[in-house]
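Subject: Structure handover

Hello,

Please find the structure below. My notes come after it.

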Amino acid sequence: MAGTGVYQEIIDRDVYKYYADGEWRTSSSGKSVSIINPTTRKPEYKVQACTQEEVNKAMASAKEAQKGWAKTPLWKRAELLHKAAAILKENKAPISECLVKEIAKPKKDAVSEVVRSGDLVSYTAEEGVRILAEGKFLVSDSFPGNERTKYCLASKVPLGVVLAIPPFNYPVNLAVSKIAPALIAGNALVLKPPTQGAVAALHMVHCFHLAGFPKGLISCITGKGSEIGDFLTMHPGVNCISFTGGDTGIAISKKAGMIPLQMELGGKDACIVLEDADLDLVAANIIKGGFSYSGQRCTAVKVVMVMESVANALVDKVNAKVAKLTVGPPEEDCDITPVVSESSANFIEGLVMDAKQKGATFCQEYKREGNLIWPLLLDHVRPDMRIAWEEPFGPVLPVIRINSVEEGIHHCNASNFGLQGCVFTRDINKAILISDAMETGTVQINSAPARGPDHFPFQGLKDSGIGSQGITNSINMMTKTKSTVINLPSPSYTMG
């Protein structure tokens with residue numbers, strides 16, 4: 001159970017503590033932030049509302065701890081990460097319980113997220129040992145006009161303190177995807193979890209505490225973004241920010257200053273379906289890509305663009321599968337569970353009503369109870385409808401009928417987003433040409449968009465993000481190159 005057993009020390013009566021300097025602490029503010037259960041729409045948990053002074057202390061501890069951590073042998077860093085990964089997987093039950101209650105994630109998916117996170121941490125430990133063990137040796141005479149009088153030794157060194165800000169939909173997995181690369185690279189880490197998902201994140205951080213990482217190296221600061229958000233992202237002690245979320249990231253990028261940024265800010269992932277596509281495969285992937293976790297994924301299929309000649313057949317196949325989706329509470333492992341908040345449900349409803357007013361075809365009756373929205377396929381959607389462009393983050397999927405591949409590519413590229421896309425065809429030559437033309441960070445051929453496996457590069461273009469994720473890319477991004485140049489009194493040539 002959450003907050004019991006080894007987790008007793010992370011809670012004070014009914015309020016979860018924050019983590020700093022190797023200890024679980026109660027905020028001096030005396031205030032807490034309530035976390036609403038999306039299913040019951042009642043308060044489920046409370047977390048500390050940390051102060052700016054507590055942020056300052058966490059940053060100071062992180063800066064000090066990082067100096068010692070950077071001197072810790074690489075194998076030792078990896079050893080501690082492997083230990084944390086094992087503890088994380090051992091505690092999949094209480095952590096997944098939090099995910100079910102905080103973000104209405106179906107139970108089986110919640111367990112899967114925790115196990116996947118443990119695997120990610122272990123893989124990062126091993127990949128980090130490989131990457132960071134290697135440097136570069138350069139000689140000066142390879143550049144015109146130089147003799148071999150200089151030897152350059154280039155290596156990767158840590159940045160300092162990394163600020164990690166994960167989103168509500170994967171508060172454990174997208175936290176460790178930032179934490180593990182930062183730590184193996186020799187950085188300290190300050191985590192600001194999302195409000196919805198904060199308690200799951202605190203349980204995950206306790207696994208790192210139990211693994212025995214040095215005091216101050218990892219902090220987890222909870223509270224209202226309106227009170228400590230800008231203070232964190234603009235803090236002079238932060239040397240790197242890794243953020244996953246919405247357009248808040250654009251505001252952060254304008255304020256952050258001269259530090260490396262890694263950001264994934266959502267998408268309007270297009271699914272282009274050609275006339276020769278395997279429609280059964282397409283329908284199965286539209287269901288998986290568009291409706292898993294109620295569409296609350298950055299890599300969910302957000303718009304289907306299908307050739308007119310096969311549109312009726314595809315819509316019929318998708319509708320048959322939508323009818324089989326189960327709808328209800330996450331505890332029952334339903335396919336469609338409540339969206340994360342009432343404001344999210346209201347936003348989705350606004351997109352649906354706009355589409356209705358402008359003449360979209362409703363393949364199912366629109367139905368909503370509280371935060372629970374039944375799956376809905378909207379056919380004959382036109383570009384003048386909001387849902388053709390905006391990201392619903394819910395179980396509502398628009399279908400746009402197209403008369404040419406170029407029409408589909410144009411709509412995809414006209415979006416301000418560019419995270420992922422997919423194309424379905426039996427012609428690999430056409431698939432490659434379309435993939436090259438789509439302005440997205442990743443294109444999936446004959447499969448729905450997806451983030452992962454976690455070592456694959458993951459990045460967005462345009463408003464979908466800055467930089468690239470994936471384990472290897474994250475490790476590289478959280479380091480910088482340092483060169484040491486040896487100057488020789490006279491040219492020296494091997495075997496010369």
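This is a predicted model: local features need pLDDT of at least 70, side-chain atom pairs count only at pLDDT 80 or more; totals for chains, interfaces and linings use all residues.

Residues are numbered from 1 along each chain as its sequence is written, and side-chain values use heavy atoms, with hydrogens and water left out.

**Domains**

The chain splits into domain 1 (11-265) and domain 2 (270-445). These bounds come from an automatic or database domain assignment. The C-alpha centres of domain 1 and domain 2 are 32 Å apart. Domain 1 gives 16 residues to the contact and domain 2 gives 18 residues. Contact here means heavy atoms within 4.5 Å.

About 1600 Å² is buried between domain 1 and domain 2, and carbon and sulfur atoms give 59% of this area. Buried area is the accessible area (1.4 Å probe) that two parts lose on being put together, summed over both.

Across the interface of domain 1 and domain 2, the rule finds 0 salt bridges. That rule asks for a side-chain nitrogen of Lys or Arg within 4 Å of a carboxyl oxygen of Asp or Glu.

**Ser 242**

Ser 242 sits in strand β12 (residues 240-244). Strands (E, at least two residues) and helices (H or I, at least four) are DSSP runs, numbered from the N terminus. Ser 242 counts as buried because its relative accessibility is 0%. Buried means under 20% relative accessible area, exposed over 50%, and partly exposed in between (1.4 Å probe, protein chains only). The side chains of Ser 242 and Lys 178 make a polar contact of 3.2 Å. Leaving aside neighbours within four places in sequence, Ser 242 has contacts that include Gln 262 and Met 478.

**Asn 187**

Asn 187 is in the loop between α5 (173-184) and β10 (188-191). Its relative accessible area is 0%, so Asn 187 is buried. The Asn 187 side chain reaches the backbone nitrogen of Gly 160 at 2.8 Å. The Asn 187 side chain also reaches the backbone oxygen of Met 478, at 2.9 Å.

Best wishes

Conventions: A polar contact is a pair of N or O atoms within 3.5 Å; within protein, one must be able to donate a hydrogen and the other to accept it, and residues adjacent in sequence count only if both atoms are side-chain atoms.
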